[in-house]
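This briefing summarises the computed geometry of one protein chain.

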Amino acid sequence: MYKNLPRRPGAVLAAAAVAQFVLALDMSVVNVALPAIRTALGFAPLDLSWVVHLYALTFGGLLLLGGRACDLYGQRRLFVLGLAVFGLCSLAGGLAQAPWQLIAARAGQGLGAAAAAPAALAMLTTTFTEGFQRVRALGVWSAVNAAGGALGVLVGGLLTEYAGWRWVMLINLPIVAAALALVLTGVPAEAQPARHERLDVLGAALATSGVGLLVFGVVRTDSLGWGSPATVATLATAAALLAAFAFAESRVSAPLLGLHLLRSRWVAGANVLVFLAAAGQFTAFYFVSLYMQQVLGMGAAATGAAFLPFSAGVVAGTIAATRITAVRTPRASLVPGALLAAAGLAWFAHIRPGGSFLIDVLGPSLVTSIGTGLVLAPVATAATTGVTPGEAGTASGLFNSSRQLGGCVGLAALATIAAHHTGTATDPAALDNGYALGLAIAAVLFVLAAVVALGTLPRRRGETPDPRPADNRLEGTPS
């Protein structure tokens, strides 16, 4: 679709990594600051959760649209536009004087992230050829993504305690500026598209509304419950819209999401796998953080610092995964990684009210994080294997959407299960039982991820299925 233009691979990787770090950071950095935000802006208790939910809603709901826009209008253009919107909305959030202003800023951040995230991943997959170079680049991207999510708790706690809650928003500005400087100086602008395709407006409307309603229905279960009429109606409507989307995509010549992508074992398997792994990972962050604060009595800053070993373990696992995947298939790293993460979470499920950080948190953190690192880099590689440059944005948007939905749905479901198990009790022993159950189920999710990897991903190198039908292949792209 685009003429081949020289790129500086180092600048592309640095820009994508910095951008992904700040987008992942924003998923968790605000959480610790919520009490201070409520006091400063006068939030009603039921409205405060939307400071977190609106970001997840717009980010997850618009990822497919953002990914397709990358393919139609250019990865660099969408990357710059998305980061610029994200940065401006971060500034607006940091200056907010009323609840509605902060909520609107969070929605805008999600909009910008939905454009920047698939563009960053698409730039990597089209800049680095399949093989060791791409595996290494995606390994760096995955490690930075995990580190951003883990460090968000620490950064949020330190900023809230020592600088004020507004800095959990304003901290994004220098990071965004660095990413923009890297891409503007090191990545040339794409040529105009060689062919002019219209955006699939109907598909965009159905996908965005369907995924958006799905996220909306899930995030409201913390107050309404899964069995409430409002939740059931919302999720049923979301399912109907997504079914209509699948039907509509099979009837248009230039779909928002080419359904042939899902006929690839690599792409389909990787998206199911990342959905399950994200559900387990997000749940682990949530329950372990609550355990340290509500049961062990640790402060916000200390809880954040306690996640540093997890970040180190993810980096170590990612380095190992890069070396394994360079000589074998992603499955060789994914299966043992998912099982190792499951073992770590099963260890976490033995937390106790009278426990300690060294015994009950540090050991299982290292096991879980190394296993998670072994999963993250290879699954991104598998999700983009065999995809043409003209569909790199779409595949990246699909992968990011699967990860966001997995984290959102998994966390909401397991948090509800834990809450029902705990009941109305608030003593440390009761809370500990609920958190332990949630962590045990998260371990099962990683076991299921290993089963998916065994059943869908090839075991030998050279088995690289091409998800494109013959009449959809682009001229000049490798088969």
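The model is predicted. Buried residues account for 56% of the 479 residues in the protein. The secondary structure consists of 20 helices and 0 strands. The radius of gyration is 21 Å, close to the 23 Å that the globule rule gives for 479 residues, so the protein is as compact as a globular protein of that length.

**Overall dimensions and surface**

- The C-alpha trace spans about 65 × 50 × 45 Å along the principal axes of the protein.
- Of the contacts between residues at least 6 apart in sequence, 85% join residues at least 24 apart.
- The accessible surface of the protein is about 18300 Å², and carbon and sulfur atoms contribute 68% of this area.

**Nonpolar cores**

- The largest nonpolar core contains 105 residues, of which Ile 37, Phe 79 and Leu 102 touch the most other members.
- Helix H14 (residues 265–295) gives the most to this core, supplying 14 residues.
- A second, separate core has 13 residues, among them Ala 204, Phe 245, Leu 256 and Leu 257.
- Beyond the residues up to four places away in sequence, Ile 37 touches Val 30, Gly 42, Phe 43, Leu 48, Leu 102 and Trp 165.

**Val 215, in helix H11**

- Val 215 belongs to helix H11, which covers residues 201–219.
- Val 215 has a relative accessible area of 2%; because this is under 20%, the residue is classed as buried.
- Apart from neighbours within four places in sequence, Val 215 is in contact with Ala 56, Leu 57, Leu 405 and Cys 408.
- Val 215 and Leu 308 are 93 residues apart along the chain, and their C-alpha atoms are separated by 29 Å.

**Leu 340, in helix H17**

- Leu 340 is found in helix H17, which covers residues 331–348.
- The relative accessible area of Leu 340 is 31%, so this residue is partly exposed, a class that lies between the cut-offs of 20% and 50%.
- Apart from neighbours within four places in sequence, Leu 340 is in contact with Val 367, Ile 370, Gly 371 and Leu 374.
- Leu 340 and Leu 296 are 44 residues apart in sequence, with a C-alpha to C-alpha distance of 26 Å.

Conventions. Residues are numbered from 1 along each chain as its sequence is written. This is a predicted model: local features need pLDDT of at least 70, side-chain atom pairs count only at pLDDT 80 or more; totals for chains, interfaces and linings use all residues. Side-chain values use heavy atoms; hydrogens and water are left out. Helices (H or I, at least four residues) and strands (E, at least two) are DSSP runs, numbered from the N terminus. The radius of gyration is taken over C-alpha atoms; the globule rule is 2.2 Å times the number of residues to the power 0.38. Buried means under 20% relative accessible area, exposed over 50%, partly exposed in between (1.4 Å probe, protein chains only). Contact means heavy atoms within 4.5 Å. Accessible areas come from the Shrake-Rupley method with a 1.4 Å probe; for residues, only the protein chains shown count as cover. A nonpolar core is a set of buried Ala, Val, Leu, Ile, Met, Phe, Trp, Tyr and Cys residues joined through side-chain atoms within 4.5 Å.
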